[in-house]
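Colleague: I am new to reading protein models. Could you walk me through one, feature by feature?

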Amino acid sequence: MGKVVLVTGVARQLGGRFVRRVQRDPGVDRVIAVDAVAPDHDLGAARFVRADIRQSALARILAEHMVDTVVHLDVSGKALGAGGRTAVKETNVIGTMQLLGACQKSPAVRRLVVKSSTSVYGSAPRDPAVFTETTPPKSLPSGGFAKDAVEVEGYVRGFARRRPDVAVCVLRFANILGPRPDSPLADYLSLPVLPTVFGYDPRLQFVHEDDVIDVLGIAASEPRRGTLNSGTFNIAGDGVLLLSQCSRRLGKPTVPVLLPAVTWVGSALRTIGMTDFSPEQIRLLTHGRVVSTVQMRETLGFRPTFTTAETFAEFARSRGPGLLPPEVVGRAVDRLAAVPLPGGAGPRERGAGAVQTTDGAR
């Protein structure tokens with residue numbers, strides 16, 4: 001018999017895509033898709049079970065279907081539908097506790113994959129330039145999704161100690177972007193004008209939705225020769241982007257705000273429902289965060305198809321042109337460069353201080 005895989009969080013696009021993908025694995029016999037909300041997308045031949053992971057029904061589901069592989073994707077920073085922050089936290093933390101309790105009671109479970117986030121490292125002014133999986137954070141997240149992720153990983157480590165026979169893989173994803181993103185950062189980048197913290201230009205990393213699905217498939221399968229897919233791994237595309245580069249590529253103006261006033265701006269944006277500009281996101285947009293992906297490549301054996309820049313380019317294309325499209329800015333710079341200088345001098349030459357038009361598109 002092939003494997004029986006249970007996937008949580010299937011009402012979200014990411015969960016639905018993984019369910020459809022894992023069914024194509026020849027070693028998988030059945031897929032059980034679980035969520036408290038019925039998905040509005042196709043799940044293929046998977047069996048959908050409507051269940052709230054905060055409740056105790058998971059133990060029965062695991063036993064009834066003899067599940068041997070659990071992929072926990074119902075850990076998110078954004079509410080699905082009308083749910084608020086309280087519902088998100090309960091699903092992230094209490095839901096994970098219930099799921100782990102059910103897995104602990106099930107002798108059939110042999111592999112557990114948990115979606116986490118690089119936000120567990122926090123964002124602080126004295127952070128190292130690059131975080132590795134073993135780097136302790138300078139300042140633990142004090143709230144929001146980042147704190148949820150820290151708590152979730154703590155419960156997962158406890159489970160791994162109690163069930164050493166289960167292969168446990170925790171994937172710490174950088175900011176997930178692509179054509180169909182579903183995250184607070186994507187909502188922020190979709191604003192017509194981007195509020196930024198005055199005097200700061202943070203470094204950011206992104207991982208493409210397609211790469212997320214690919215690495216989840218690797219984590220949920222038996223390890224390939226020469227690799228190990230149990231442990232904790234940072235998952236991100238190559239390279240980094242500055243927030244200023246992101247704004248230029250989106251063609252969106254920025255509004256620098258003094259740090260003491262940023263919290264007020266975030267509260268205003270949350271009040272009008274434009275984006276969840278949370279304190280943890282403010283810290284990210286102040287200090288940034290970069291993680292090492294050496295273990296992802298050398299131990300897990302995964303190489304992302306998309307770099308950070310390519311991932312962001314996919315996202316930018318899905319958003320459409322901003323208020324200041326790079327090509328428009330480039331043409332304006334070209335026209336200014338062609339204007340004769342005072343005193344009868346000719347047009348300014350390239351390389352003599354003129355602004356390169358390609359800079360705005362980079």
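Predicted model: local features only at pLDDT ≥ 70, side-chain atom pairs only at ≥ 80, totals over all residues.

Colleague: What cut-off makes a residue buried?

Colleague: Where does threonine 311 lie, and which residues does it touch?

Modeller: Threonine 311 lies in helix α11, which covers residues 308-319. Leaving aside residues up to four places away in sequence, threonine 311 touches Leu177, Phe206, Val207, His208 and Phe306.

Colleague: How much of the protein is buried?

Modeller: Of its 362 residues, 49% count as buried. The protein exposes about 16600 Å², and carbon and sulfur atoms supply 56% of that area.

Colleague: Now the helices. At what angle do α2 and α3 cross?

Modeller: To read a helix pair, look at the axes. Those of α2 (residues 57-65) and α3 (residues 85-105) come within 8 Å and cross at roughly 40 degrees. That makes α2 oblique to α3, because an angle under 35 degrees would count as roughly parallel and 65 to 115 as roughly perpendicular. The crossing is right-handed.

Colleague: Which residues meet there?

Modeller: From α2 come Leu58, Ala59 and Leu62, and they meet Gln98, Leu99, Ala102 and Cys103 of α3. Sorted by type, the residues of this contact are 6 nonpolar, 1 polar and no charged.

Colleague: And how many helices and strands does the protein have?

Modeller: Its secondary structure comes to 12 helices and 13 strands. Among contacts between residues at least 6 apart in sequence, 78% join residues at least 24 apart.

Notes:
Residues numbered from 1 in each chain as written. Heavy atoms only, no water. Axes fitted to C-alpha atoms, helices over the stretch in contact; angles between N-to-C directions. Helix = DSSP H or I, 4+ residues; strand = E, 2+ residues; numbered from the N terminus. Parallel < 35°, antiparallel > 145°, perpendicular 65-115°, else oblique. Left-handed = near helix turned anticlockwise from the far one by under 90°. Contact = heavy atoms within 4.5 Å. Nonpolar A, V, L, I, M, F, W, Y, C, P; charged D, E, K, R; others polar. Buried < 20%, exposed > 50% of the residue type's maximum accessible area, 1.4 Å probe, protein only. Areas by Shrake-Rupley, 256 points an atom, 1.4 Å probe, with all protein chains shown as cover.
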